Amino acid sequence: MSPPPFGRARKRTERAFDPALDDTELASARTALAQGRWTAVRSLLAATGDDWDRRGHRITVLAQEPSTAAWSREWRLAEPESADAVVLQACAMVLRALNGKERPDHVRKACHAAAALVPDDPTPWLSLLILERATGRDEDVVRLFDEVRHRHPDHHHAHHLMVARLAERHVEAGQDPMHEVYDFASWAAEQASEDSPLAILPVVAHAERYRVLAAAGMEPRDAACGRHWTGRRARQVMKAAFDWWLEWERDDHPRNRIDLNFLAHAKVCEGRPAEAAALFHRIGPHATRAPWSYPDRDPYDAFHTARNIALGTA
């Protein structure tokens, strides 16, 4: 069956939270792919080369489009030798599996086949990690993270996936400052290079743990009413991350706006609107669902309310 000729109209929240972020080349290629012009994606991925964070970002964003699995299959038929088509199709199959539209065993085979074609590329392993982070055993998640990290030690997306998964362990431990998610995030930040955006990971860990505790009723839904963001450890984490941003901001990183959204959210929860305002200026229109949706909030309303207060436009 042929893919649909055009992409579907997007809702307000979908437009507000574009996963392409500030990557205009990616957004253009995605539009072309939705119309069946997969040659634009071929050119985009060829130009991306072995910038693994950017490649992973671009492929996972393209894979989110409903028609990508079908159009990547068309691409493979036209160019059977294209490894990029195989990797993109495998990632699209992962996201379909998470929506109950593909069998996970078939998806795993597709990802392993893609990995065999491009042994140095962490992206097929990232796709598997996305799948197992949601459905797999802890040991499988750790094994796949190691596969990604073996190929790219500072892989941004993979570290975020690990933090989200670890934060969900041992809910009963509550506000334990020694929880494993904090240890992991601190370790990752310390082992990375000075200019690595993994310096923000302890803030991400704090937000992910808040998501879990608030969902379990162990923290209030309104972050300003709880202790999670105002304790000594929280203050240390926020200050270190904000200081890193002031000195090292990696505006060239493809997932930069994700880090800025987590940091702005933390500063809002911490009650520091002036610092949050500086971050909102840098975020611009590139809001992200996480962490503004934590624990079960409307992310559009949460982001815009927080931004308006911080900027004094409420």
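Colleague: Leaving aside its neighbours within four places in sequence, which residues is Thr68 in contact with?

Modeller: The model is predicted. In this model Thr68 is in contact with Leu33, Leu62, Ala63, Leu88 and Ala92, leaving aside neighbours within four places in sequence.

Colleague: Where is Thr68 found?

Modeller: Thr68 is found in helix H5, which covers residues 68-78.

Colleague: Is Thr68 buried or exposed?

Modeller: Thr68 counts as buried, because its relative accessibility is 0%. The cut-off for buried is under 20%.

Colleague: What lies 2.5 Å from a polar atom of the Thr68 side chain?

Modeller: The backbone oxygen of Leu62 does. Leu62 is also among the residues in contact with Thr68.

Colleague: Now the backbone. How do I read phi and the peptide bonds?

Modeller: Start with the general idea. Most residues other than glycine have a negative phi, and most peptide bonds are trans. Then look for the exceptions.

Colleague: Which peptide bond is cis, with omega near 5°?

Modeller: The bond from Ala290 to Pro291. Pro291 lies in helix H16, residues 289-292.

Colleague: Which residues are joined by a cis peptide bond with omega of about 0°?

Modeller: Tyr294 and Pro295. Pro295 lies in a loop, between H16 and helix H17 (299-311).

Colleague: And phi? What is the value for Leu21?

Modeller: Leu21 has a positive phi of about 55°, although it is not a glycine. Leu21 is found in the loop between helix H1 (12-16) and helix H2 (24-34).

Colleague: Is Leu21 buried or exposed?

Modeller: Buried, because the relative accessible area of Leu21 is 8%.

Colleague: What is phi of His170?

Modeller: Phi of His170 is near 55°, again a positive value in a residue other than glycine. The loop that holds His170 runs between helix H10 (156-167) and helix H11 (180-191). His170 counts as partly exposed, because its relative accessibility is 39%.

Colleague: Next, empty space. How is it found?

Modeller: Rolling a probe the size of a water molecule over the atoms shows where empty space is left.

Colleague: How many cavities of 30 Å³ or more does the structure hold?

Modeller: One. About 70 Å³ of space lies in the largest cavity.

Colleague: Which residues line the largest cavity?

Modeller: Pro197, Ile200, Trp244, Trp245, Glu249, Arg250, His253, Asn256, Asp259, Leu260 and Leu263. By class, that lining has six nonpolar, two polar and three charged residues.

Colleague: Which helices each supply at least two residues of the lining of the largest cavity?

Modeller: Helix H13 (232-248) and helix H14 (256-270). The largest share, four residues, comes from H14.

Colleague: Which elements give two or more residues to the lining of the second largest pocket?

Modeller: H14, helix H15 (273-283) and H17 do. H17 gives the most, with five residues.

Colleague: How do the residues of that lining divide by class?

Modeller: Eleven are nonpolar, three polar and three charged in the lining of the second largest pocket.

Definitions and conventions: Residues are numbered from 1 along each chain as its sequence is written. This is a predicted model: local features need pLDDT of at least 70, side-chain atom pairs count only at pLDDT 80 or more; totals for chains, interfaces and linings use all residues. Side-chain values use heavy atoms; hydrogens and water are left out. Buried means under 20% relative accessible area, exposed over 50%, partly exposed in between (1.4 Å probe, protein chains only). A polar contact is a pair of N or O atoms within 3.5 Å; within protein, one must be able to donate a hydrogen and the other to accept it, and residues adjacent in sequence count only if both atoms are side-chain atoms. Contact means heavy atoms within 4.5 Å. On a 1 Å grid over the protein atoms alone, a cavity is a set of points where a 1.4 Å probe fits but cannot get out, and a pocket is an open set with protein on both sides within 12 Å along at least five of seven lines; lining residues have an atom within 4 Å of a point. Grid points are joined across faces, edges and corners, and a volume is the space filled by probe spheres set on the points. Ala, Val, Leu, Ile, Met, Phe, Trp, Tyr, Cys and Pro count as nonpolar, Asp, Glu, Lys and Arg as charged, and the others, Gly among them, as polar.
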